[in-house]
Amino acid sequence: MSNRISTSMMYQQSITTMLAKQAKLAHTQQQLASGQKLITAKDDPVAAGNAVGLDRTLAELERFAANATNVQNRLGLQENALTQVGDAMARVHELTLQANNAALGDDSRKAISSELQAIYEGLLDLANSTDGTGRYLFGGTADGSAPFAVTGGGVIYSGDQTQRQVEVAPDTFVSDTLPGSEIFLRMRTGDGRIDGAAATGNTGTGLLMEFSVTDSTTYNGASYRIAFTGPNTYDIYDGGPTPIASGTYTKGQSIAVGGIQLRLEGQPNAGDEFNVGPASTRDIFGTLQNLIGALGTNPTTDAQRASMQNQLQSALRDVSSAQGKMIDARASGGAQLMALDNAAELRDANNVTLKGTLSNLRDLDWAEAIGRFNLENTALQAAQSVFMQMQQLSLFKMM
Amino acid sequence: MSNLLATGSSALIAFQRALSTVSHNVANINTPGYSRQRTEFAARDGTSYGYGYQGAGVQIVDIHRMADSLATARLLDSTGELTRLQQMSVMSNRLDSMFSEKATGIAAPWSSFFDSVSALSSSAAGAADRQSMLAQANALVTRFNQMDQQLDKLDGEVNSGITSTVSEVNRLTKEIAALNGRIGSNVANASGDLLDRRDQLISQLVGYTGGTAVQQDGGQMNVFTAGGQPLVVGATASSLVTVADPYRPERLQVALETNGQRVTLDKRALGGQIGGLMEFRSTVLDPAMAELGRVAMSLTETFNAQHRAGMDQYGQMGADFFTAPQPQISKHAGNTGNAVLQPSLGDLSKLDGKNVQLRFDGTNWLASDPNTGTSIPVTGTGTAADPLVVNGVELVLTSGTPATNDRFLLQPTAGAAGAIKVAISDPSRIAAATPVKGNTALGNTGTGKLGTVSVTNAGNANLLNPATIAFTGPNQYTIDGTGPFTYTPGQTITYNGWSVTLDGAPAAGDSFSVGPTGANSSDNGNAKLLSNLDDARALNGGTLTLNGAISGLTTTIGSAARQSDYAAEAQQAIQDQAQATRDSISGVNLDEEAADLMRLQQAYQAASQIIATADTLFQSLLGATRR
C-alpha cells in the first residue's frame, strides 16, 4: 500500500471502525438484557437447533410431572378407599368370629347381622367412589357411570377390566387405579386353591373344619364328594357313579384323598355329604350376603346349628381371602406410587442435566459478558477520542 | 525586459490556474466518485539567441485526472459482489429472527401442542384436557399459517425489490449510454469530472446487477452482467423487464430486452442486489418454505393415521384430526399438451420437500432438480394403478395427454404450512381411546391373564366385532368357535386387526373376550401413542423425528444467515481494500492540498516579485535616461 491516503478515507475508516464497535456493543447489550448468549439462531446455528430439541424435552418432562400428579391423586384416593375397605373387612372378620360362637343368642346374632348389613352398604359406596372429577375410581375405563349396582340377584359390575397406563417419565409408564373387578370381584373362595362345603341337606352335626392340598403333584384339580353311608363309614366319589375309595370315620381325624386332606368334626348321619374341589370365584358382596343370610337362619336343631356353623366357617375363609386380596390391591397401588416416586427422581435428574446443557448452549456467562461489555465500551470510547484528535489534525489550521 | 514580464506573467497565470485546481479538489472532497486533479506544468519553449536558448516561462500542459482503471475495475467487481451478499444477509437475517423468536417461531406452539396431548393421556375423559388439546392444535396450525404467510410476504418483497431495482437499472443504463455518447471515443479529450460521473453511475449499476465494465477503443464503457449479457454497449442501453415465472405467474423473473428479444436471466447470470434477491429466494426462502411445509405435512400424515386408529367419546372410530394439505403442481406456461397431473403424498419417509421439475420426453416422464438440473429417479407410468412416484410423491395423470417436452413443476410441500387446518371442532371427537378392550370372564378358575389389547390394523372391517377366546383345555383355545389352537403362555393372539398377549395358565372353560371400547370411555391408549408421535422416526427413511426436523429447521436457517453474514463481512473487507487502493490514487488529501496551496501561493508571490523586479529595472532605466 502506498503512503498516500485520502482525507475522506481517513474519516470513512474511523466511522467504519466506530460503527462496527457500536454494533458489537449493541449485540453484547442485547445479550446482557436477555441473559442469553444466542440472540438468534445465526449466533450458533447448531447450538440453537439443539436448544430447540432440549426445550421440547424439558417441556415434556414438565408435562410428565403434571401427568404424575394426576395419577398420584387417583392412586392416593384408591389407597384411601382400600384402607377403609380393609378396615371394614377386619370388622367383618371379627364379627364372623363372634357369630361363630355357639353360645350366641338370636338377638346378638341379629345385632351382628344388622351391623354386617351396614358394612355391606358402606362397601358398596366405597366401590363407587369418584376421583373428584366426576369419574368413578373403580370403573376401569368405563368410569362414566357408577360401576357397581344392586340388582335382585346381587351386585352387578358394569365397569370394564382395563387399567390405564400413564407416561410419567420418558418411556416410563405407571398403572392408574385398579378396575373394580380386580378388587371387589374375582375373589377365590376357600383357601384360594380348593374349597369345601357341607351339603345343604345334611341332617347330622358334622362340621367341615380344615382342608388343604397336601400333595400338589398328586392333586389333579378334581372335585371329591364324601358321602356317609353310616355314622362311621363313608364313600368317596370323584364325579363318577362308583366310589373311588371308602373309609371309616373317626371324629377329628383327617381324611386324605387324591392329594387333598380334610378334617371333619361332629357326628354326620348316613346320607350326609361333604364336597371339596377347586376353588371358584365370588365377589365380596356375595360373601357378605351369604354371611348375612347364614346369620338370619335362627337355628333350632343341632343339625341346623351345624349347618350354620359350616356356613360361617366357609364365610370366614372367604372373608380372609378377601382381606388378602385387599392387601394385594393396596400393595399393587403402593408399588405404582413408588414407581411414581422413582419417575420423579428420574425426571429431576434429567431436568438438572438438561438444564445444565441448555444453560451451556444458550445462557450467558455474565462475568465474561460484562467484561466484554466494558472492553467494547472502552474500545468505542477510544475510537471516538482518536477520531476527535485525528480530525483536529489539518494543515489548514496551521495556515 | 518584456521577456522578463512575459515569463513572470506566464508563471502568475499558471499558478493561478493550479491554485484553482487545488480549490476544485478541496471543493470536491465530499463528492462521491470524484478523482483528484493535478496541474501539469511544462517549461515554454525558449528562443534561440545563438549562444543558446533563452527560457520563456511556464505553461500548463494538462490538468491530469488521477485515476487507475485497474483499481476502479477491482472496486467495481467487489461492489457487485458486496451488494449481492449484503442483500442475501439482510433477507436471511430477517428469516432467522422470525424462526428464532419464540413469539413467531414454530417450536413453542409445537411443544405446547404435544404437551396437551400428553396431558390428555393422563386424563383421557377430562373435558378440560380435551378442550385444551383442541385449543393448542388450533394455536399450532395458526402459527404454521402465520409463518407461511410471513414467508409469502418475504417472497412478495423479493418481487417488489426486483421491480423497483429493474426500473432503477433502466434509468442508470440510459444515463451511462448518454454519457458514453458525450464522452465519445477519445477519453483524453473528455473532462475528468464527466468520466468520474460515468464511473460513479457504472458503480451504482453494478451494485444492482453485478457484472463488469469494459472500455471500448479507449473511450466508451460497455457494461455486461455477470453472465455476459450486455447492459450498455456504446451509446445504446439494453433494458431489463420483469416477466412472470413460467410455472408460477405470481413470481417475477428478470429478462433482458435487446432488439425486441427477451432473454430470461437466471440467478447465476445476475449479481448485485437483484442477484442477491434471487439467490435468497431460491437457496434460502424456497427451502425454508418446503421444510416448514414438510413438517406440517408429516404432522398431518402421522397424527391423522394414529387418530384414525383410536375411538372417540361417542364410541366412533377417530376421523382425520388435521385437514391434509396436498402437494402442489404447476404446469409450464409454454406447455402444448393438456395433461393434468394430480399429486398426492405417498411414502412420507421418502418425502424431502425439494422442488422437482417433470418433463415428458415423448414416451417417459423425467424428473430433475430445477436448480441444479440433477436427474431424480421416477418410477411408474402415471395411471391410478401405477402412479408416477418421485421423492415420496405419487402423481396420477387424471386427464389429457402430455405433448413432448411439456414441463411441470412439482412442489411437494411448499404451501402445506399455509393449508394445514384442524378438522375437528368437537372435543368429544378426539379419539383418545384404544377402540377395543379385553375382558377376562369373572368365573375363570385358571390364572390366565389378558394383556393390553393393541390395534394392529385400524382399517380392518371386523375390528369392532366382539370376539371370544374360549379355552377347551389348558393348552387349547378357540376364537369365535374357530380353532382349536395350541396355547403357549405369553403368546400373542392376533385377530380382526387387534392383537393381545395372553399369559398364565387358563383352565378349561375359561374365556376371554375382546370387544369395542364403547362411548364415554376414559381409556387413554391412543392418546398415549399420539403424544409420542413427535419422537417417531417418520422422516428421511425413518431416521429423523419430527422434533428433529423442527430443530433442523432452526439450524438450517441460522446457518444460512450466519453464512451470508460471514460472506458479506469478508466481502466488506475486500471492498474496503479495493476502496483504499482506489482512494490512495484518486482520493483528495486535505493536507496535501494545503501544502500545494502554500507551495503555489509562494510560487505566485515569487512570480509577482519577478514582475516587481522587471518594474524596478524599467524604472531605473527610465531614471537613468531622464537626466
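Predicted model: local features only at pLDDT ≥ 70, side-chain atom pairs only at ≥ 80, totals over all residues.

User: Where does B:S368 sit in chain B?

Analyst: B:S368 is part of strand β16, which covers residues 365-368 of chain B.

User: And is B:S368 buried or exposed?

Analyst: B:S368 counts as buried, because its relative accessibility is 16% and the cut-off for buried is under 20%.

User: OK, another one in chain B. Where is B:T225?

Analyst: B:T225 is in a loop of chain B, the one between β6 (220-224) and β7 (230-233).

User: Does B:T225 count as buried or exposed there?

Analyst: Buried: the relative accessibility of B:T225 is 2%.

User: What does B:T225 touch?

Analyst: Not counting residues up to four places away in sequence, B:T225 touches B:G210, B:G211, B:L231, B:A269 and B:L270.

User: Now the helix α4 in chain B. How many residues does α4 have, and how far apart are its end C-alpha atoms?

Analyst: Helix α4 of chain B runs over residues 127-183, which is 57 residues, and its end C-alpha atoms are 83 Å apart. At 1.5 Å a residue the helix should span 84 Å, so the two values agree.

User: What comes just after α4(B)?

Analyst: B:G184, which takes a positive phi of about 70 degrees.

User: Zooming out, how many helices and strands are in chain B?

Analyst: Chain B has ten helices and 32 strands. Its radius of gyration is 41 Å, well over the 25 Å that the globule rule gives for 627 residues, so chain B is more spread out than a compact globule. Along the principal axes, the C-alpha trace of chain B spans about 165 × 50 × 40 Å.

User: What share of chain B is buried?

Analyst: Of the 627 residues in chain B, 48% are buried. The accessible surface of the chain comes to about 27100 Å², and carbon and sulfur atoms account for 52% of that.

User: What about charges in chain B?

Analyst: Chain B has 41 positive and 53 negative charges, and their mean positions are 6 Å apart.

User: Switch to chain A. How many helices and strands there?

Analyst: Chain A has seven helices and 14 strands. The radius of gyration of chain A is 41 Å, against 21 Å from the globule rule for 399 residues; that is well over the rule, so chain A is more spread out than a compact globule. Its C-alpha atoms fill a box of roughly 150 × 45 × 30 Å along the principal axes.

User: Why is α4(A) called largely enclosed?

Analyst: Because nine of its twelve residues are buried. Among them are A:F285, A:L288, A:L291 and A:I292.

User: What about A:S280, where is that?

Analyst: A:S280 is in the loop between β13 (273-278) and β14 (281-282) of chain A. It is partly exposed, with a relative accessible area of 34%.

User: Which residues does A:S280 touch?

Analyst: Leaving out residues up to four places away in sequence, A:S280 touches A:M187, A:R188 and A:T189.

User: Last one: A:A222. Where is it and what is it in contact with?

Analyst: A:A222 is in the loop between β7 (207-213) and β8 (224-228) of chain A. Setting aside neighbours within four places in sequence, A:A222 is in contact with A:V276, A:G277 and A:P278.

Methods
Residues numbered from 1 in each chain as written. Chains lettered and ligands numbered in written order. Heavy atoms only, no water. Helix = DSSP H or I, 4+ residues; strand = E, 2+ residues; numbered from the N terminus. Expected span 1.5 Å × (residues − 1). Rg over C-alpha atoms; globule rule 2.2 N^0.38 Å. Buried < 20%, exposed > 50% of the residue type's maximum accessible area, 1.4 Å probe, protein only. Areas by Shrake-Rupley, 256 points an atom, 1.4 Å probe, with all protein chains shown as cover. Lys, Arg positive; Asp, Glu negative; His and termini not counted. Charge placed at Lys NZ, Arg CZ, Asp CG, Glu CD. Contact = heavy atoms within 4.5 Å.
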